[in-house]
Amino acid sequence: MKELDRLDRKILRALQKDGRLSNVDLADRVNLSPTATAERVRRLTRDGFITGYMAVLSPQMLGRNLLVFVQVKLDRTTPDVFDSFAAAVKRSDDVMECHMVAGGFDYLVKARVAGMEAYRAFLSDVILPLPGVRETHTYAVMEEVKSTGFLPV
């Protein structure tokens with residue numbers, strides 16, 4: 001892993017808080033010239049520390065009020081089953097995250113849907129028909145206590 005100096009860290013923290021900062025505003029915040037700041041941001045992007053920019057949208061305003069976590073257990077763990085499962089969840093707009101995990105189940109899926117009816121359709125149309133799915137356990141979120149994409153820098 002490449003080393004980050006104090007100024008790199010300041011830039012990353014500032015951009016995590018507001019990815020829409022202009023280069024001039026960012027330079028002011030980190031006390032560098034705009035040219036030096038732009039070069040550092042280019043380097044941080046080229047080196048893979050910055051992987052992109054996006055707007056954070058309101059799920060409630062977009063009618064995606066139900067957040068669910070689904071544990072998926074497969075009946076066989078072969079490369080073709082893993083590949084089929086991964087391809088299917090990548091095609092689903094409802095899936096926000098999917099992680100292959102070690103432990104008592106194989107995948108943890110985080111999905112946002114309109115409500116319970118939409119979740120039931122998601123489960124029956126996307127998850128359950130996949131080859132190898134043996135069982136699922138769903139956890140509907142009652143309250144989001146903390147939700148962040150911020151990484152400590």
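A pocket is defined, on a 1 Å grid over the protein atoms alone, as an open set of points with protein on both sides within 12 Å along at least five of seven lines, and its lining residues have an atom within 4 Å of a point. The model described here is predicted, so that local features need pLDDT of at least 70 and side-chain atom pairs count only at pLDDT 80 or more, while totals for chains, interfaces and linings use all residues. Residues are numbered from 1 along each chain as its sequence is written, and side-chain values use heavy atoms, with hydrogens and water left out.

The largest pocket has a volume of about 1700 Å³, a volume being the space filled by probe spheres set on grid points that are joined across faces, edges and corners. Its lining comprises 40 residues, of which M54, V56, T148, G149 and F150 lie nearest the centre. Helix 1 (6-17), strand 1, strand 2 and strand 3 each give two or more residues to this lining; helices (H or I, at least four residues) and strands (E, at least two) are DSSP runs, numbered from the N terminus. The most is given by helix 1, with five residues.

Four strands form an open, antiparallel sheet in the order 2-3-1-4, where two strands pair if DSSP finds at least two bridges between them. Strand 2 (95-100) and strand 4 (133-140) are the edge strands, each pairing on one side only. Strand 1 (residues 66-74) and strand 3 (residues 107-113) run antiparallel and are joined by seven bridges. Across from V72 stands Y107 in strand 3.

Technical notes
On a 1 Å grid over the protein atoms alone, a cavity is a set of points where a 1.4 Å probe fits but cannot get out, and a pocket is an open set with protein on both sides within 12 Å along at least five of seven lines; lining residues have an atom within 4 Å of a point.
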